[in-house]
Amino acid sequence: MDVNASSLPRWRGFNLQAKFMADDEERFREEDFEWMAEWGFDFARLPMDYRCWTGEDWLEFDEDALAEIDEAVEYGRKHGIHVQLNFHRGPGFTVADPPEKTDLWTDEETQEVFAEHWRRFAERYEGVPSEGLSFDLINEPAETSHGAYADVVRDAVDAIHGVDPERLVVADGMRYGREPVFELADVDCAQSTRGYDPFPLTHHEAEWTDVDRDEPPGWPYVDDAGKVHDREWLRATRIAPWERLESLGVGVHVGEWGVYNHTPHDVTLSWMEDALSLWEQAGWGWALWNFRGPFGILDSDRDDVDYEDWHGHDLDREMLELLQEY
């Protein structure tokens, strides 16, 4: 299978969060990879916090922590799941709290450290085919310009490809993954978009946001100004701009998407079906946020779902079957 930055397979799967936060990390679970493969999926994005493998000296790596990432790569190989390593928190930037103490977009030392981290990952996994492993550089860049972001990506791609020229590299879109970065069209990397709009629908009553509506959202969604957000709106605003990028030879994948568990289940599935059908038409793969948890198909704690027992976990069979259709 030919895998390169301009020709991505339509990988479909989930985000696995074992290393998502350094203060709440755990080992990746082989059963997650096994179940994904059993259900017909072939992709696992691993959003990680770089503090899992570094301490006070951010260039001193903890081999034991890295070995646990090695396990996930091996689980992917064993079960036919493509593994994508992502810095959800990288040196100098994160969308999570607390913010980083330095700024990846302006601080030269931080930029060098960021590129060095990825260079070391490239060394570690040199020889692992890109069919099975890719690198997604930094989650949902924001608070900077397209140009400043593109400069950081170029340096990281150069560091990676200086070690492993064949490694598939992915760069998230700007404005939290929403905007394609045309400044990177000439760089040997694919780009990752998001599926979280309209945000008041996908994040209804999410505690870490300012989304606060008196009534649960519907789909199509009508905002406070009376504007209708529907399937055609999604196509025009969230698909078409990325298709223009794709026309320049840049592969596109939906690295995160999903709906928080406070949105009614029927609304969730209706929105998901429209999004999934659009991505299918575009030929794009995707990774649901998350596998286990409030956006996922396992243990999502929705109060309007008749769950099925799955090896001691609560399985949202209706959502699973919708995903399997696409």
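Helices (H or I, at least four residues) and strands (E, at least two) are DSSP runs, numbered from the N terminus. UniProt lists residues 28-291 as "domain: Glycoside hydrolase family" in an unreviewed entry; UniProt positions are in the numbering used here, feature names are shortened, and annotations may be inferred rather than shown by experiment.

The model is predicted: local features need pLDDT of at least 70, side-chain atom pairs count only at pLDDT 80 or more, and totals for chains, interfaces and linings use all residues. Residues are numbered from 1 along each chain as its sequence is written, and side-chain values use heavy atoms, with hydrogens and water left out.

**Helices α3 and α4**

- The axes of α3 (residues 108-124) and α4 (residues 146-163) come within 8 Å and cross at roughly 30 degrees; axes are lines fitted to C-alpha atoms, for helices over the stretch in contact, and angles run from 0 to 180 degrees between N-to-C directions.
- That angle makes α3 roughly parallel to α4 (under 35 degrees counts as roughly parallel, over 145 as roughly antiparallel, 65 to 115 as roughly perpendicular and the rest as oblique).
- The crossing of α3 and α4 is right-handed, a term for a near helix turned clockwise from the far one by less than a right angle, with anticlockwise being left-handed.
- From α3, Gln111, Phe114, Ala115, Trp118, Arg119, Ala122 and Glu123 meet Val152, Asp155, Ala156, Ala159, Ile160 and Val163 of α4, where contact means heavy atoms within 4.5 Å.
- Nine nonpolar, one polar and three charged residues make up the contact of α3 with α4 (Ala, Val, Leu, Ile, Met, Phe, Trp, Tyr, Cys and Pro count as nonpolar, Asp, Glu, Lys and Arg as charged, and the others, Gly among them, as polar).

**Helices α1 and α2**

- The axes of α1 (residues 30-38) and α2 (residues 63-79) come within 9 Å and cross at roughly 25 degrees, which makes α1 roughly parallel to α2.
- α1 passes α2 in a right-handed crossing.
- Glu30, Phe33, Glu34 and Ala37 of α1 meet Ala72, Tyr75, Gly76, Lys78 and His79 of α2, and the residues of this contact are four nonpolar, two polar and three charged.

**Aromatic pairs**

- Rings of Phe, Tyr and Trp (its six-membered ring) pair if their centres lie within 6.5 Å; planes under 30 degrees apart count as stacked, over 60 as edge-to-face and the rest as tilted.
- By this rule there are 26 aromatic pairs.
- Phe41 and Trp286 form an edge-to-face pair, 6.2 Å centre to centre with 65 degrees between the planes.
- This pair links distant parts of the chain, 245 residues apart: Phe41 is in the loop between α1 and β2 (43-49), and Trp286 is in strand β11 (residues 285-288).

**Backbone details**

- Asp97 and Pro98 are joined by a cis peptide bond with omega about -5 degrees, and Pro98 lies in the loop between β4 (93-94) and α3.
- Trp289 and Asn290 are joined by a cis peptide bond with omega about 5 degrees, and Asn290 lies in the loop between β11 and β12 (308-310).
- Arg175, in helix α5 (residues 174-177), has a positive phi of about 50 degrees although it is not a glycine.
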